[in-house]
Amino acid sequence: MRRADLSDSAVALYGRFFNAPRAAYVAALEHVGARLARDLTRGSGLFVVGLGAGRVAATGALGDRLAVALSRGVQIFSEERLRDLLFPPDAAARAMGPTAPVATALKEGGLDPRALGVLAAFDAVRIDATGTHCRFADVAPLRQAAA
């Protein structure tokens, strides 16, 4: 799928989004002419699952929605795939927020270095090559992961 394919398509966003604020995805979708669906509807052409949908996955609700999407022929994207489609690489990094020292992420998020590494493995946090600075959309996902 290309960005142009989203024009006049109904897109359902599901779960919490970590790589960029949800509002950034909504604005980018509207910019390319997509319509935001409140939930997975019969008119949905794309179902996007945020990285923070783990909580609903445990209840079976995510699996139910994915089964409906598959039965209706709705395309399913991960948050990363939507991010890569909507944002060029430097725009995706900017959407995550400014670079902050890793120590700030650890302190504000209530994380230990190992937990921060796990978040980095799933692109919820981007750590630079030196390991001293990182980017994240906001501190809420970090606190949620710490809890």
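This is a predicted model: local features need pLDDT of at least 70, side-chain atom pairs count only at pLDDT 80 or more; totals for chains, interfaces and linings use all residues.
Trainee: How many helices and strands does the protein have?
Mentor: The protein has 147 residues, and 40% of them are buried. Its secondary structure comprises eight helices and seven strands.

Trainee: What percentage of the contacts with a separation of 6 or more comes from residues 24 or more positions apart?
Mentor: Take the contacts in the protein with a separation of 6 or more. Residues 24 or more positions apart account for a share of 77%.

Trainee: Are helices H1 and H4 parallel, perpendicular or oblique to each other?
Mentor: Two packed helices are described by the angle between their axes and the distance between the axes. H1 covers residues 22-31 and H4 covers residues 79-86. Their axes come within 11 Å and cross at roughly 50 degrees. That angle makes H1, relative to H4, oblique.

Trainee: Is the crossing of H1 and H4 left-handed or right-handed, and which residues of H4 make the contact?
Mentor: H1 passes H4 in a left-handed crossing. On the H1 side, the contact is made by Tyr 25, Ala 28 and Leu 29. On the H4 side, it is made by Glu 79, Leu 82, Arg 83 and Leu 86.

Trainee: How many residues of the contact of H1 with H4 are nonpolar, polar and charged?
Mentor: Glu 79 and Arg 83 of H4 are in the contact, and Glu and Arg count as charged. The contact divides into five nonpolar, no polar and two charged.

Trainee: Which residues of H4 are buried?
Mentor: Buried means under 20% relative accessible area. H4 is mostly covered, with six of its eight residues buried. They are Glu 79, Glu 80, Leu 82, Arg 83, Leu 85 and Leu 86.

Trainee: Why does Glu 79 count as buried?
Mentor: Glu 79 lies in helix H4. Leaving out residues up to four places away in sequence, Glu 79 touches Arg 16, Phe 17, Phe 18, Asn 19, Ala 20, Tyr 25, Val 48, Val 49, Gly 50 and Leu 51. Phe 18 is 61 residues from Glu 79 in sequence, yet their C-alpha atoms are 8.2 Å apart. Glu 79 counts as buried because its relative accessible area is 0%.

Trainee: Which element supplies the largest share of the largest nonpolar core?
Mentor: This core has 18 residues, and Leu 6, Leu 13 and Leu 86 touch the most other members. Strand E1 (10-14), H1, strand E3 (44-49) and H4 each supply at least two residues. The largest share is four residues, and it comes from H1.

Trainee: Which residues does Leu 13 contact, leaving aside its neighbours within four places in sequence?
Mentor: Leu 13 is one of the residues that touch the most other members of the largest core. Its contacts are Arg 22, Tyr 25, Val 26, Leu 29, Leu 36, Val 48 and Leu 82.

Trainee: What is the phi of Asp 8, and is the residue buried or exposed?
Mentor: Most residues other than glycine have a negative phi. Asp 8, in the segment before E1, has a positive value, near 65 degrees. With 59% relative accessibility, Asp 8 counts as exposed.

Trainee: Is Ser 9 buried or exposed?
Mentor: Ser 9 is also found in the segment before E1. Beyond its neighbours within four places in sequence, Ser 9 contacts Gly 33, Ala 34, Arg 35, Gly 45 and Leu 46. Its relative accessible area is 12%, so Ser 9 is buried.

Trainee: How far apart in space are Arg 126 and Leu 116?
Mentor: Arg 126 is in strand E6, residues 126-127. At 25% relative accessibility, Arg 126 counts as partly exposed. Arg 126 and Leu 116 are 10 residues apart in sequence, and their C-alpha to C-alpha distance is 9.6 Å.

Key: Residues are numbered from 1 along each chain as its sequence is written. Side-chain values use heavy atoms; hydrogens and water are left out. Axes are lines fitted to C-alpha atoms, for helices over the stretch in contact, and angles run from 0 to 180 degrees between N-to-C directions. Angles under 35 degrees count as roughly parallel, over 145 as roughly antiparallel, 65 to 115 as roughly perpendicular and the rest as oblique. A crossing is left-handed if the near helix is turned anticlockwise from the far one by less than a right angle, and right-handed if clockwise. Contact means heavy atoms within 4.5 Å. A nonpolar core is a set of buried Ala, Val, Leu, Ile, Met, Phe, Trp, Tyr and Cys residues joined through side-chain atoms within 4.5 Å. Buried means under 20% relative accessible area, exposed over 50%, partly exposed in between (1.4 Å probe, protein chains only).
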